Amino acid sequence: MTADSGADDRALVRRHLKLDHMNQLQIEKLARVFDAEPGVVKVVVRKHWLDIDYDAALLTLDRVIALLEAYGGELSDDWWTAFKAHWYRKREEKLRARLAREEDDASS
């Protein structure tokens with residue numbers, strides 16, 4: 001599935017997240033919700049995985065997780081998924097800070 005073709009390539013990120021507690025109906029609903037979410041470029045939801053490409057200037061990992069939880073799923077509680085989620089958050093913060101600096105430099 002694809003959604004937003006107007007995403008900023010400079011802020012495009014790909015996330016591969018392991019999921020727990022999702023049935024097929026929840027997966028199908030979640031895929032449609034992500035498809036409509038601003039900034040999402042591509043989403044593939046399988047029983048145990050969420051592969052999502054999105055514009056980190058428009059969407060955050062925390063928003064992705066909130067949507068996931070709203071549809072009855074959750075990130076796996078294994079240490080590797082927790083480690084990746086923390087790392088993804090830090091990378092997104094740095095990316096948004098860099099984009100803000102670039103915008104400030106361009107407007108000067």
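## Basis

Residues are numbered from 1 along each chain as its sequence is written, and side-chain values use heavy atoms, with hydrogens and water left out. In this predicted model, local features need pLDDT of at least 70 and side-chain atom pairs count only at pLDDT 80 or more, while totals for chains, interfaces and linings use all residues.

Helices (H or I, at least four residues) and strands (E, at least two) are DSSP runs, numbered from the N terminus.

## Asp53

Strand β3 (residues 49-55) contains Asp53.

Apart from neighbours within four places in sequence, Asp53 is in contact (heavy atoms within 4.5 Å) with Leu12, Val13, Arg14, Gly39, Val40, Val41 and Lys42. The side chains of Asp53 and Arg14 make a polar contact at 2.8 Å. A polar contact is a pair of N or O atoms within 3.5 Å; within protein, one must be able to donate a hydrogen and the other to accept it, and residues adjacent in sequence count only if both atoms are side-chain atoms.

## Helix α3

Helix α3 (residues 79-107) has 29 residues and spans 42 Å from its first C-alpha to its last, close to the 42 Å expected at 1.5 Å a residue; the expected span is 1.5 Å times one less than the number of residues. At the start of α3, a side-chain oxygen of Asp78 comes to within 3.2 Å of the backbone nitrogen of Trp80.

Its buried residues are Thr81, Lys84, Ala85, Tyr88, Glu92, Leu95 and Leu99. They pack against β1 (12-20), β3, α2 (61-70) and β4 (74-75).

## Contact of α2 with α3

The axes of α2 and α3 come within 9 Å and cross at roughly 135°. Axes are lines fitted to C-alpha atoms, for helices over the stretch in contact, and angles run from 0 to 180 degrees between N-to-C directions. The two helices, α2 and α3, are therefore oblique to each other: angles under 35 degrees count as roughly parallel, over 145 as roughly antiparallel, 65 to 115 as roughly perpendicular and the rest as oblique.

Leu61, Asp62 and Ile65 in α2 meet Ala85, Tyr88, Arg89 and Glu92 in α3. The residues of this contact divide into four nonpolar, no polar and three charged. Ala, Val, Leu, Ile, Met, Phe, Trp, Tyr, Cys and Pro count as nonpolar, Asp, Glu, Lys and Arg as charged, and the others, Gly among them, as polar.

## His21

His21 is in the loop between β1 and α1 (24-36) and is exposed, at 58% relative accessibility. Phi of His21 is near 60°, a positive value in a residue other than glycine.

Methods: Buried means under 20% relative accessible area, exposed over 50%, partly exposed in between (1.4 Å probe, protein chains only).
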